[in-house]
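Please go through the chain below with a few questions on its fold and on selected residues.

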Amino acid sequence: MLKQEINELLTQTGPGTPMGDLFRQYWIPALLAEELPENDCAPARVKLLSERLIAFRDTEGRYGLMDEFCAHRGVSLWFGRNEESGLRCAYHGWKYDVNGQCVEIPSEPDERQSSLCRKIKLKSYPLVKIGDVLWTYMGDPDPTPDLPQWEFARVPADQSYTSKRWQECNWLQALEGGIDSSHVSWLHSDGLMNDPLFKGAQGNKYNLADRKPFFEVVESDGGLFIGVRRNAEEGHYYWRITPWVMPSFTMIPPRGDHPIHGHFWIPIDDENCWVFTYDYHPVRPLRPEEVQAMKDGHGVHNRYVPGTYRPLQNKDNDYLMDREAQKRGDTFSGIKGISMQDASLQESMGPIVDRTKEKLVSTDGGIIMARRKLWRAVEALRDEGVRPPGVDVEHQMVRSAAVVLPKEQAFIEGCGDALMVRPGVKHASV
Ligand code: FES
Ligand SMILES: [Fe+2]
């Protein structure tokens with residue numbers, strides 16, 4: 001349970017809010033690279049941390065992210081013409097470069113152009129392609145942190161795949177689903193048996209057999225390692241370890257030789273978030289059938305309303321709930337697909353869940369510690385300007401793991417280096 005003011009503190013991320021200031025300390029995923037597929041392509045609207053922005057790629061291939069609205073009289077630059085190294089407003093032709101600098105006001109006399117333009121600059125942020133993602137940093141440019149080093153974005157392109165989807169609730173309740181792995185044995189039980197990107201792993205057997213997991217949470221430099229233990233063979237436990245790196249990166253423990261997946265939960269505004277979902281293999285290219293399964297919405301990906309990043313199953317169609325399938329036990333909740341099973345329930349809590357009313361139990365240990373760590377970091381930043389965990393790139397070099405260990409061994413010792421990125425070494429997985 002949280003006090004109302006703490007719930008507000010952690011869920012509000014607009015400009016000037018303490019949590020918004022925290023998010024603005026990090027490089028965060030802004031768009032998929034596929035949204036700006038070529039030079040001079042159509043610009044893309046993007047709302048992040050309650051700011052309405054426009055992203056574009058100019059004639060030279062430079063990326064820009066800036067205020068969506070023209071400095072002249074506030075027209076959306078989404079209608080603009082992306083041409084000759086800048087984005088030109090469709091109303092009176094004012095033109096901006098990728099830094100938001102006004103470079104042309106065609107209606108004004110030539111001799112006034114440069115002095116007038118110089119004074120006009122839209123708010124803008126850097127936009128950098130790493131892997132399949134365009135990343136931005138929306139904080140104070142001095143100092144700008146080092147570029148992100150997440151392994152999924154840094155492995156060769158054929159080893160990684162990223163999608164995104166719009167989720168219609170606050171970022172924190174979506175994140176909390178990512179660090180609460182006790183629900184897997186229930187909500188996702190069908191996926192463990194049938195999903196092409198999950199099935200066949202030895203670990204699934206333990207997952208399904210022991211539905212009373214024990215949580216053990218250990219602090220890491222950037223966040224937490226959330227260990228969840230289930231019974232395995234005589235004298236052994238099956239451990240699944242989920243890293244969470246502040247503020248909103250999670251990595252699901254792997255299954256067999258399947259690629260590893262996870263999420264970034266990025267606030268659009270206080271009642272919506274982007275879920276960026278990656279899948280990668282540290283040492284081999286993804287197989288064509290794996291990539292096809294991801295594109296078809298299997299694993300932790302989903303299908304879309306055509307032409308959008310809104311899931312095809314959404315709250316307007318009750319997520320295509322199938323009561324008969326629920327009754328037969330084909331799926332636990334009647335909803336198909338792991339990501340939509342999560343999204344449907346998390347959105348059902350309302351746009352911002354009232355955490356003053358919840359009743360937490362032992363399997364909520366990861367959530368409790370993550371909130372506490374966020375809260376502490378928000379206060380330390382606000383009150384003393386302390387740089388939060390997860391900004392340093394070393395904090396980003398983590399991996400999830402799924403291992404069987406002797407009962408007497410602590411997971412943090414049993415896993416050792418397996419919880420860190422080891423280039424060229426396969427992830428620890430059963
Ligand atoms: S509103 Fe953009 S040029 Fe006038
Ligand atoms: Fe889930």
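The questions and answers that follow concern a predicted model.

Q: How many helices and strands does the chain have?
A: Both kinds of element occur in this predicted model. The counts for the chain are 13 helices and 19 strands.

Q: What is the radius of gyration of the chain, and how does this value stand against the globule rule?
A: For 430 residues the globule rule gives 22 Å. The chain comes close to that value, so it is as compact as a globular protein of that length. The C-alpha trace spans about 85 × 45 × 45 Å along its principal axes. The radius of gyration is 23 Å.

Q: What percentage of the residues of the chain count as buried?
A: A residue is buried when its relative accessible area is under 20%. The accessible surface of the chain is about 18,300 Å², with 52% of it belonging to carbon and sulfur atoms. Of the 430 residues, the buried share is 57%.

Q: How far apart are the mean positions of the positive and negative charges of the chain?
A: The chain carries 51 positive and 62 negative charges. The distance between their mean positions is 3 Å.

Q: Which residue in S6 stands opposite Asn 82?
A: S5 and strand S6 (residues 87–88) run antiparallel and are joined by two bridges. Opposite Asn 82 stands Leu 87.

Q: Is Thr 13 buried or exposed?
A: Thr 13 lies in the loop between helix H1 (4–11) and helix H2 (18–23). Leaving aside neighbours within four places in sequence, its contacts include Met 19, Phe 23, Leu 49, Trp 171 and Pro 267. Its relative accessibility is 0%, so Thr 13 counts as buried.

Q: What is the relative accessible area of Tyr 26?
A: Tyr 26 is in the loop between H2 and strand S1 (27–32). Not counting residues up to four places away in sequence, Tyr 26 touches Thr 136, Tyr 137, Met 246, Pro 247, Pro 388, Pro 389, Gly 390 and Val 391. Tyr 26 is buried, and its relative accessible area is 4%.

Q: What distance separates the C-alpha atoms of Tyr 26 and Thr 242?
A: Along the chain, Tyr 26 and Thr 242 are 216 residues apart. Their C-alpha atoms are separated by 21 Å.

Notes:
Residues numbered from 1 in each chain as written. Chains lettered and ligands numbered in written order. Predicted model: local features only at pLDDT ≥ 70, side-chain atom pairs only at ≥ 80, totals over all residues. Heavy atoms only, no water. Pairing = 2+ DSSP bridges. Helix = DSSP H or I, 4+ residues; strand = E, 2+ residues; numbered from the N terminus. Rg over C-alpha atoms; globule rule 2.2 N^0.38 Å. Buried < 20%, exposed > 50% of the residue type's maximum accessible area, 1.4 Å probe, protein only. Areas by Shrake-Rupley, 256 points an atom, 1.4 Å probe, with all protein chains shown as cover. Lys, Arg positive; Asp, Glu negative; His and termini not counted. Charge placed at Lys NZ, Arg CZ, Asp CG, Glu CD. Contact = heavy atoms within 4.5 Å.
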